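Hi everyone, thanks for coming. Please take a look at the structure on the screen, and then I'll walk you through it piece by piece.

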Amino acid sequence: MTQSAVRIEKLPNGLTIVAEPMSALRSAAMTLLIPAGAVFDPADRLGRSAMLAEWLVRGAGQRDASELVAAFDSLGVTHNQSASVTHLSLSAAMLGTSVEPALELMADMVLRPHLGAESLEPIRALALQSLSSLEDDPASLAMTELRKRYFGPAWGRHSGGEATSLEAMSCEDIQAAYETLIQPSGAILAIAGSLDFDRTKDLVARLFGDWKAQPVELPTHVSPEPQVAHHTKETNQCQITMAFPTLDINHPDYYKARALLAILGGYASARLFTEVREKRGLCYTVYAGYEAMHKQAAALIYAGTGSDRAQETLDVTLGELDRLRKDGIDEEELDMMRAGLLSGLVMQQESSLSRSATLAADFYHLGRVRSIDEIRLALASISADDVSRHAKDLDLENRTILTLGPEPLRIGSA
Amino acid sequence: MMSFHEARLANGLTVVAELNEQAHSIATGFFVKTGARDETGDESGLSHFLEHMLFKGTLKRDALAVNRDFDRVGARHNAQTSEEDTIYHVTALPEYMPAAFDVLADIMRPVLREEDFDTEKKVIVEEIKMYDDNPMMVAYEAAKAAHFGRHPLGGSVLGTVESIEAMKVERMRDYFRRRYAPENIVLAFTGRGEWTQLLDLAKSRCESWEPVGQPSRTVAETSGCGGFRCIERPDDQQETLVLVSAAPSLEDRARYAAGILAVALGDSSGSRLYWEIVHPGHADMCDLSYQEYDHAGAYYLFLGCDPEFAEANLDRVAHVLHRVRDHGIGQEEIDRARNKILARSMIRAERPMGRLMPVGGYYTYFRRHVPLDEEIAAYNAVTPDDIIDLMHRFPMRPMTLAAVGPRLDLEPVE
């Protein structure tokens, strides 16, 4: 049995350090999640959090923008700052020897950004072009439109915002977001790899200890009505996307739900890949996945296929969902799903980047980090009958379907 | 703790291994020295189509069994085809490598059934359509074709809907016989394993492959044609530009300087093009990358922006390159680029899969092991004078240009 090396320490101001020293690695990776994502953007200032994230790297502390970026580059640190629906996040991947100076640079970005007015127009231009790029990318556009409809106007929004909001954004708007939202209550610093926990913790406490907490209230979640929608666009392929409710990680039957989705579309021998691609050659990409947004979890399905074959692809996909609900799964499928998941968990030990992402996600959703053994035991304790029973309860009636392409499709009965 | 081994089977198959007892997993791959550049006349897209067909079944397994037998042991498998290589690889936990390798070696001797060929043809057509909906892929293909002209590197990896639909299975069988000779394949292992066991495994599964002789490849050198293509897509929101110019080949020592120059000029953050074009908001993407080929090389510049900004951005690109041609780049810039490259290589090397590509790839072309330390030393040896020499030999002039989007009136840079 492996001993979990995860260390968790909460600073008095609310920032929680979730760390896993990995002695076999030379690298380290970290992610600072601040609850300041797009969900906090005012309805007429959508895209505010994304613009703020870009602003943070344009000069901080004693360094102007070029000195700040040069400092990261000299350390060989690959860094990124972005906004998701839930969080504004700063991340960095590096060799372990650069962890401490990288943390100092991050602390500058969070606590002492310049937020100079001269950066506003460039940031706006970038944000607008990034929205245009999304319009030119049918698969991402379809998933974005699906999330809007499924998760609703707050939790389903695209963090890149909308053109009219971006056009209207002022320095004061973004500064207000910085002042009210960039605070440590609920923030998570996940860090994995070559590091000494005590030294890192002391440094984080010194760098971030004075950061003042001012807890923010989350917008309430409103579940929109399920719907079927089509987004017309002259593309070669039709994008088919679908979402329906599944179980949150805190639910006792969570692993049954995850097993079911993996068996449906998580790997090459999964149902959708087998039936849609291998047997019928209907498309190149087809999968099912899991996504958690705040307290709501969704099963997402995607397929991209030529317009002439889109109807058949949708029919076969819906047919597979019905078959799953009616006939359930068998023991061999469950074994395969376990083997894949466990290999992935072990291989995570070779990557500080994927491990730090898991630390952050687990802590955000659960308030703790699951060990490999906990997951192994949970998977071992479910049977094919359990998963089949769970399949009978699949809430397919509450599904949302979004297609994108030249022509809408017919939706058969569920 | 790290060891290298090599052997040649009686039929000419080369087996190499870079083993690391600290790893948690083991990766393996068959590197077949064949790709789009080895296709003739009406074979366009054949190498890539064949790559798909290898997963469609053998004498022992049909397509579903291939997927199932990989998934049963949680093995991550995939394949890729480029202009010059077709690579089949799998990563697994060490105890499952014998089972995973049994499948991987099995698919290397496929039956190529006509029925599967016809089904898979549809999947390939869908893959082509998917890329046709992606402006960057359209621009990249057009730029490559314009730059290399009639040189074999100018061919498309995917082929066209017409070339794929017209393809006959006999043609594929013939190509397979010629190009998948054991003498033309390197089998590489990286990560955690025991050499004598791996070699025994390779012998037991591959020794029966009939030797047919090493196939040849035409490797005429080329500096490109400096062409210009404009593809109108009136509905695109962004203008997508790809520029190409000659660069050192894989065999050229100057490739290390070229790698550093590409990062210094066109990394996505902190590079010359970033400061000149992305940071001020003139484009949301402007990356320069260096691609080495067998006796050829190219720099590719990828730019996506508001269509109205396109010619001003082309002027900015010309200006940046002009300055580097006249003055080279300084020691500090070289150091920053080098630190980024080295940190990224070391991080990648922590995963067996991250080492598999360089180990197998270098052995295919150099017939020797290139350890990571040797590459690090080569990057460390690059001086400002090397960059000046490099710019003298490969001045990034002329630049082939492909433009995709609403604009029809663009002109190539000087």
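**Two helices, two chains**

Let's start with a pair of helices: in chain A, the axes of α10 (residues 271-279) and α11 (residues 310-327) come within 10 Å and cross at roughly 145 degrees. Here an axis is a line fitted to C-alpha atoms, for helices over the stretch in contact, and angles run from 0 to 180 degrees between N-to-C directions. Helices (H or I, at least four residues) and strands (E, at least two) are DSSP runs, numbered from the N terminus. α10(A) passes α11(A) in a right-handed crossing. A crossing is right-handed if the near helix is turned clockwise from the far one by less than a right angle, and left-handed if anticlockwise.

Before going on, please remember that this is a predicted model: local features need pLDDT of at least 70, side-chain atom pairs count only at pLDDT 80 or more, and totals for chains, interfaces and linings use all residues. Residues are numbered from 1 along each chain as its sequence is written, while chains are lettered from A and ligands numbered from 1 in the order in which they are written.

Which residues meet where α10(A) and α11(A) come together? From α10(A) we have R271(A), L272(A), E275(A) and V276(A), and they meet T313(A), V316(A), T317(A), E320(A) and L324(A) in α11(A). Two residues are in contact if their C-beta atoms, placed from the backbone, lie within 7 Å. This helix contact divides into four nonpolar, two polar and three charged residues. In this scheme Ala, Val, Leu, Ile, Met, Phe, Trp, Tyr, Cys and Pro count as nonpolar, Asp, Glu, Lys and Arg as charged, and the others, Gly among them, as polar.

Now let's step back to the domains. Chain A is assigned domain 1 (7-208) and domain 2 (228-405), with bounds from an automatic or database domain assignment. Their C-alpha centres lie 28 Å apart. Across the contact, 30 residues of domain 1 of chain A meet 28 residues of domain 2 of chain A. On the domain 1 side, β2 (16-21), β3 (27-34), α5 (138-155) and β6 (188-193) of chain A each supply at least two residues. α5(A) gives the most to that side, with 11 residues. By class, that side of domain 1 of chain A has 22 nonpolar, five polar and three charged residues.

What about chain B? Its assignment gives domain 1 (2-206) and domain 2 (228-405), and 27 Å separate the centres of these two domains of chain B, taken over C-alpha atoms. Their contact takes 31 residues from domain 1 of chain B and 30 residues from domain 2 of chain B. On the side of domain 1 of chain B that touches domain 2 of chain B, β2 (14-20), β3 (26-32), β5, α5 (135-148) and β6 (185-191) of chain B give two or more residues. The most comes from α5(B), with 10 residues.

The chains also touch each other, with 54 residues from chain B and 55 residues from chain A in the contact. On the chain B side, α2 (63-72), β5 (86-92), α4 (114-132), β10 (296-305) and α12 (331-349) of chain B give two or more residues. That side of chain B has 18 nonpolar, 16 polar and 20 charged residues.

Next, the cores. A nonpolar core is a set of buried Ala, Val, Leu, Ile, Met, Phe, Trp, Tyr and Cys residues joined through C-beta atoms within 7 Å. The largest has 190 residues, and those with the most contacts inside it are V18(A), M94(A), M106(A) and A100(B). Not counting residues up to four places away in sequence, V18(A) touches residues including V6(A), I188(A), L359(A) and F363(A).

Finally, a few backbone details in chain B. The peptide bond from R397(B) to P398(B) is cis, with omega near 0 degrees. P398(B) lies in the loop between α15 (384-393) and β11 (400-405) of chain B, and M396(B) is found in that loop too. Phi of M396(B) is near 55 degrees, a positive value in a residue other than glycine.

Is M396(B) buried or exposed? M396(B) is buried, because 25 other C-beta atoms lie within 10 Å; the cut-offs are 20 or more for buried, 12 or fewer for exposed, and partly exposed in between, with C-beta atoms placed from the backbone.
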